[in-house]
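Reader: I would like to learn how to read a structure like this one, feature by feature. Could we go through it slowly together?

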Amino acid sequence: MERKNEDTSLLLKHLQEGDERAFRTLFEEFYASLCLFATRYLGDREEAADVVQETFLKYWNKHTDFDDYRKIKSFLYVVVRHACLNLLRDRELRSRIPEEWIEDSEQEFRNQVMEEEVHRIFNHAIDKLPLQMRMVINLSLDGLKNSEIAEKMNLSEGTVHAYKKEAYKKLRISLKDYYYLLPFLLFISR
């Protein structure tokens, strides 16, 4: 899940010191969410991945300037957003960009960041499930029915049902501190 305050403080200290392992931890924590975020603007996963990698390089060149973990997260999202908008503008695709993106709508930006954070938190919780449960939940989120999951995983439907029930129980426990995200979690898990 989200790391504890002492873990965050320690990570921040290592990041400020230029520790490459700490940077790798930061990269692994935000890379997928930032790529998804950039893909929404660009519509191209490879281009989005390039933008995100460049953003991490920009962060690394300024890593000593950050004294708060939230500022790092904010920096990453803002830089990705601006880079995407600049790319779109440079390609003269401005007419195909929704006007609210260009107008720098702060509320829209916050909503997108929140949605990406919810995805990151939710996926992180799923990643902590035991392998079989994780596979069942991911297949379920892909829209497969219990019978289809059972066939695909060579399990009985009863076993699939039991895995789902136990996985939901574990997810409720691991996401208990994120009750305020429930509407988002319900929306993305459909």
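Predicted model: local features only at pLDDT ≥ 70, side-chain atom pairs only at ≥ 80, totals over all residues.

Reader: What percentage of the residues in the chain is buried?

Author: Buried means under 20% relative accessible area, exposed means over 50%, and partly exposed lies in between, with a 1.4 Å probe and protein chains only. Of the 190 residues in this chain, 38% are buried.

Reader: Which residues of α2 are buried, and where is its kink centred?

Author: A bend at a residue is the angle between two fitted axes, one for the seven residues ending there and one for the seven starting there. Helix α2, covering residues 20-42, has a kink of about 40 degrees centred on F30. F30 is also one of the buried residues of α2, which include A22, F23, L26 and E29. A32 lies in helix α2 as well, but A32 is exposed, because its relative accessible area is 57%. The C-alpha atoms of A32 and R120 are 7.9 Å apart in space, although 88 residues separate A32 and R120 in sequence.

Reader: What is found at the start of α2, and which residue follows α2?

Author: A polar contact is a pair of N or O atoms within 3.5 Å; within protein, one must be able to donate a hydrogen and the other to accept it, and residues adjacent in sequence count only if both atoms are side-chain atoms. At the start of α2, a side-chain oxygen of D19 comes to within 2.7 Å of the backbone nitrogen of R21. After α2 comes G43, with a positive phi near 75 degrees.

Reader: Which residue other than glycine has a positive phi?

Author: N154 has a positive phi, near 60 degrees. N154 sits in the loop between α8 (146-153) and α9, and N154 counts as exposed because its relative accessibility is 71%.

Reader: How many salt bridges does a search of the whole structure find?

Author: Side chains of opposite charge can pair when their charged atoms come close. A salt bridge is a side-chain nitrogen of Lys or Arg within 4 Å of a carboxyl oxygen of Asp or Glu, and a search of the whole structure finds three. In one of them, E17 pairs with K13, with the closest N and O atoms 2.9 Å apart; K13 is partly exposed, because its relative accessible area is 42%. K71 and D67 form another, at 3.3 Å from N to O, and K71, with a relative accessible area of 47%, is partly exposed. D68 and R70 also form a salt bridge, their closest N and O atoms being 3.0 Å apart; D68 is buried at 19% relative accessible area, whereas R70 counts as exposed at 60%.

Reader: At what angle do α2 and α3 pack?

Author: Two packed helices are described by the angle between their axes and the distance between the axes. The axes are lines fitted to C-alpha atoms, for helices over the stretch in contact, and angles run from 0 to 180 degrees between N-to-C directions. Helices α2 and α3 pack at about 140 degrees, with axes 8 Å apart. That makes α2 oblique to α3, since angles under 35 degrees count as roughly parallel, over 145 as roughly antiparallel, 65 to 115 as roughly perpendicular and the rest as oblique.

Reader: How do the axes of α3 and α4 cross?

Author: The axes of α3 (residues 45-61) and α4 (residues 69-90) come within 9 Å and cross at roughly 135 degrees.

Key
Residues numbered from 1 in each chain as written. Heavy atoms only, no water. Helix = DSSP H or I, 4+ residues; strand = E, 2+ residues; numbered from the N terminus.
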